[in-house]
Amino acid sequence: MTERNATIASRVGLHARPAAIFAEAAGEFDLEITIARLGEPVDEAMDAASILSLMSLGASHGEVVVLRAEGAGADDALERLVQILETDHDAE
């Protein structure tokens, strides 16, 4: 399983616009990708392509989350998703 940490860069956290951008990108990959707050058990990770899961995660600006995926292309997928999370979409 591939795993990457990312720090939420959007000033208001992972909500509305940043969550929609992230969920859409996660859904483009033919992989099961999960997201969780750093330190949470793996079995509590949520579907990264689900906007409802992302909103309920409640990740704030500066908080670290863990992305996990398994399969062909997982490294590239997670690198792309980390870039999205580490971009302040509220500043654009």
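This report describes the fold of one protein chain and the surroundings of two of its residues.

## Basis of the model

The structure is a predicted model, in which local features need pLDDT of at least 70, side-chain atom pairs count only at pLDDT 80 or more, and totals for chains, interfaces and linings use all residues. Residues are numbered from 1 along each chain as its sequence is written, and side-chain values use heavy atoms, with hydrogens and water left out.

## Overall form

The chain contains three helices and four strands. Helices (H or I, at least four residues) and strands (E, at least two) are DSSP runs, numbered from the N terminus. In sequence order, these elements give the pattern β-α-β-β-α-β-α.

The C-alpha trace extends over about 35 × 25 × 20 Å along its principal axes. The radius of gyration of the chain is 12 Å, which agrees with the value near 12 Å for a compact globule of 92 residues. This radius is taken over C-alpha atoms, and the globule rule is 2.2 Å times the number of residues to the power 0.38.

## Burial, contacts and charge

Of the 92 residues, 40% count as buried. Buried means under 20% relative accessible area, exposed means over 50%, and partly exposed lies in between (1.4 Å probe, protein chains only). The chain exposes about 4,900 Å², and carbon and sulfur atoms supply 48% of this area. Accessible areas come from the Shrake-Rupley method with a 1.4 Å probe; for residues, only the protein chains shown count as cover.

Contact means heavy atoms within 4.5 Å. Among contacts between residues at least 6 apart in sequence, 77% join residues at least 24 apart. The chain carries 6 positive and 18 negative side chains, and the centres of the two sets are 7 Å apart. Lys and Arg count as positive and Asp and Glu as negative, while His and the chain ends are not counted. The place of a charge is taken as NZ of Lys, CZ of Arg, CG of Asp or CD of Glu.

## The sheet

The four strands form an open sheet in the order E1-E4-E2-E3, with antiparallel pairing. Its edge strands are E1 (2-7) and E3 (46-47), each of which pairs on one side only. Two strands pair if DSSP finds at least two bridges between them.

Strands E1 and E4 run antiparallel and are joined by six bridges; across this pairing, Glu3 stands opposite Arg68 in E4. Five bridges link E2 and E4, again in the antiparallel sense, and here Ala36 stands opposite Val66 in E4. Strand E2 (residues 33-37) also pairs with E3 over two antiparallel bridges, and Ile35 stands opposite Met46 in E3.

Strand E4 (residues 64-69) is largely enclosed by the rest of the structure, because five of its six residues are buried. Strand E2 is likewise largely enclosed, since four of its five residues are buried.

## Thr34 in strand E2

Thr34 lies in strand E2 and stands opposite Arg68 in E4. With a relative accessibility of 17%, Thr34 counts as buried. Leaving aside neighbours within four places in sequence, Thr34 is in contact with Ala45, Met46, Ala48, Val66, Leu67 and Arg68.

Ala48 is placed in the loop between E3 and helix H2 (51-57). Ala48 is buried, its relative accessible area being 0%. Not counting residues up to four places away in sequence, Ala48 touches Phe22, Ala23, Ala26, Ile33, Thr34, Ile35 and Leu54. Ala48 and Glu24 are 24 residues apart in sequence, and their C-alpha atoms are 9.2 Å apart in space.
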